[in-house]
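Have a look at the structure first.

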Amino acid sequence: MQFRIAAYGEVRDENGRVLLTRRKRAGRESGPWHLPGGVIDHGEPPKRAAGRLVGEHTGFEVSVGAPLEAVAVARRGVHTNAILYRARVSGGPDPDFSGEAAEWVDPARAAAEPHSPFVSAALGLADDRLAGRVDKAPQETRPVPPAKAKKGRRRRGQRFGAYGVVADGDGRILLARIAEGYPGGGTWHLPGGGVDFGESPEAAVAREIYEETGQEALVGSLLNVTSFRHRRAIGPEGYPLDWHGVRAIYSATVPDPSAAQVVEAAGGSTSESRWWNADALDDLPLSAAVEDALQVVDLKNLAAQA
């Protein structure tokens, strides 16, 4: 089983055509249409990766905007979590570019011809995107830290997670406390966690919210995507990792809230969970994910947004 994190750019021209690529094969039909992008490097922020990869695949320089969607595709033992970004051309094409054939394609044509699941996501073809997302899922579900490295060497780890800014009708925010012994232990965190094999980010955040708080949440829109890198992260395994994490942060609401409680098995990364009034946040030790959320959503005014 293998997990990958990828970034793609949805680039459109003034006529609504989409910038796509496909391989030209001598004596054979051309391959399927692909959205420009691919797997990000270890430690690379996904937004930066999207700009780099679009340039490498098309010869165009692009300005990358907001994340549009997080998409999961699992095939043949490989699960790819991908962020699709809105982007626009800011330069090019490079006259010396010699990569894949890039073309501005009418959406109807792209939909009618063979194309990748990420093109389906960009075009809003929900049924096509769901088809073939998962084949036979391995028994092991989520990424685990690599085994301890030999002396003098450090292993790398990478994980894609989905988290929720969760509110009720009164504007309270739902937070989970990170257990001691885990990175950030003792701080209050957005409920969420790693995406399982074959699981969409939206499904993952709903599952994680229930496991960490006992609440049935309705997941809304993608608010932001953030990333971090800890070169010497030490978790329960007790040895340092060069750890790279990417977080998809969603809005979510709980129509029928109850007292928050941890449902997952004892010994997990969550020690307790609780509903908080927005004015209490200033006095809480908050995780980096909550601080990230403060940049894109007004946590003090959740009642109006719920």
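**Why these labels?**

Q: Why does Glu 113 count as partly exposed?
A: Glu 113 has a relative accessibility of 25%. Buried means under 20% relative accessible area and exposed over 50%, with partly exposed in between (1.4 Å probe, protein chains only), so Glu 113 counts as partly exposed.

Q: Good to know before we go on: what kind of model is this, and which values of pLDDT are needed?
A: The model is predicted; local features need pLDDT of at least 70, side-chain atom pairs count only at pLDDT 80 or more, and totals for chains, interfaces and linings use all residues. Residues are numbered from 1 along each chain as its sequence is written, and side-chain values use heavy atoms, with hydrogens and water left out.

Q: What makes the pair Arg 109 and Glu 113 a salt bridge?
A: Their side chains meet at 3.3 Å, N to O. A salt bridge needs a side-chain nitrogen of Lys or Arg within 4 Å of a carboxyl oxygen of Asp or Glu, so the pair Arg 109 and Glu 113 qualifies. Arg 109 is partly exposed, because its relative accessible area is 30%.

Q: How do you know whether Arg 207 and Glu 199 are buried or exposed?
A: Arg 207 has a relative accessible area of 18% and Glu 199 one of 12%, so both residues are buried. They also form a salt bridge, with the closest N and O atoms 2.8 Å apart. Arg 207 and Glu 199 belong to a network of salt bridges that links them with Asp 196, Glu 208 and Glu 211.

Q: Why is Arg 76 called exposed?
A: The relative accessible area of Arg 76 is 74%, so Arg 76 is exposed. Arg 76 is found in the loop between S4 and S5, and its phi is near 50°, a positive value in a residue other than glycine.

Q: What makes Ala 108 exposed?
A: Ala 108 is exposed because its relative accessible area is 55%. Between Ala 108 and Leu 123 there are 9.0 Å in space, C-alpha to C-alpha, and the two are 15 residues apart in sequence.

Technical notes:
Helix = DSSP H or I, 4+ residues; strand = E, 2+ residues; numbered from the N terminus.
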